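Biologist: I would like to learn how to read a structure like this one. Please take me through a few features, one at a time.

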Amino acid sequence: MAAPSRHRNGCGTAWFAALLLAALPLRPAEAVSEPTTVAFDVRPGGVVHSFSQDVGPGDKFTCTFTYASQGGTNEQWQMSLGTSEDHQHFTCTIWRPQGKSYLYFTQFKAEVRGAEIEYAMAYSKAAFERESDVPLKNEEFEVTKTAVTHRPGAFKAELSKLVVVAKAARSEL
């Protein structure tokens with residue numbers, strides 16, 4: 001099996017940043033839609049839970065976070081979604097705003113509908129105050145065309161943030 005990839009088709013954060021920056025000088029107010037942020041509880045107990053949101057014209061894109069975790073009590077997390085001006089790209093960020101999660105994740109998956117992933121990254125610790133994001137090791141997760149998911153046996157159960165950048169799926173004529 002091929003090594004896990006954080007980038008699809010050789011694209012990454014630099015590509016998406018370049019896309020956004022290229023659009024900014026032309027129409028600053030319309031380069032990227034105002035992100036929609038929704039709070040939700042991540043609940044321990046070992047049961048599989050899902051949280052899903054739609055974004056884009058006609059709810060063109062969907063991002064779904066599915067997980068199971070143990071320990072502690074509910075944690076408040078957030079899901080933020082935004083689209084590019086032309087509605088051909090969208091971002092989905094799932095994170096714990098307080099930084100590090102104290103839950104033990106037994107599994108996770110961030111899945112997109114209506115698009116294909118061009119970049120995805122998972123983090124054991126989210127940036128908070130003076131601290132930076134801490135990415136998972138490549139072997140702890142895998143990225144497919146439509147999902148970023150834990151890698152059984154390699155994932156060390158720490159998760160605090162997921163970032164996905166996806167491009168609209170082409171419709172065949």
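Biologist: Which residues does arginine 43 touch, not counting residues up to four places away in sequence?

Modeller: This is a predicted model. In it, arginine 43 touches His49, Tyr67, Ser69 and Asn74. With histidine 49 there is a polar contact of 2.6 Å between the side chains.

Biologist: Where is the place of arginine 43?

Modeller: Arginine 43 lies in the loop between β1 (36-42) and β2 (49-55). In space, its C-alpha is 8.9 Å from that of glycine 72, although 29 residues separate the two in sequence.

Biologist: How many bridges pair β2 and β3?

Modeller: β2 and β3 pair over 7 bridges, in the antiparallel sense. Within β3, threonine 62 stands opposite aspartate 54.

Biologist: What is a disulfide, and which cysteines form one here?

Modeller: In general, a disulfide is a covalent bond between the sulfur atoms of two cysteines. The count in this model comes to 1 disulfide. Cysteine 63 and cysteine 92 form it, with their sulfur atoms 2.0 Å apart. This pair links distant parts of the chain: cysteine 63 belongs to strand β3 (residues 61-70) and cysteine 92 to strand β5 (residues 89-95), 29 residues apart. The link is left-handed, with -75° about the S-S bond.

Biologist: Are cysteine 63 and cysteine 92 buried or exposed?

Modeller: Both cysteine 63 and cysteine 92 are buried.

Biologist: Which residues have the most contacts inside the largest nonpolar core?

Modeller: Those are Phe65, Phe90, Ile94 and Leu159, in a core of 38 residues. Strand β7 (residues 115-125) gives the most to this core, with 7 residues.

Biologist: What is leucine 159 in contact with, leaving aside its neighbours within four places in sequence?

Modeller: The contacts of leucine 159 include Phe65, Trp77, Phe105, Phe108 and Leu136. Ser101, Ala122, Tyr123 and Ser124 are also in contact with leucine 159.

Technical notes:
Residues numbered from 1 in each chain as written. Predicted model: local features only at pLDDT ≥ 70, side-chain atom pairs only at ≥ 80, totals over all residues. Heavy atoms only, no water. Helix = DSSP H or I, 4+ residues; strand = E, 2+ residues; numbered from the N terminus. Contact = heavy atoms within 4.5 Å. Polar contact = N/O pair within 3.5 Å; in protein donor to acceptor, adjacent residues only side chain to side chain. Core = buried A, V, L, I, M, F, W, Y, C linked by side-chain atoms within 4.5 Å. Buried < 20%, exposed > 50% of the residue type's maximum accessible area, 1.4 Å probe, protein only. Disulfide = S-S within 2.5 Å. Pairing = 2+ DSSP bridges.
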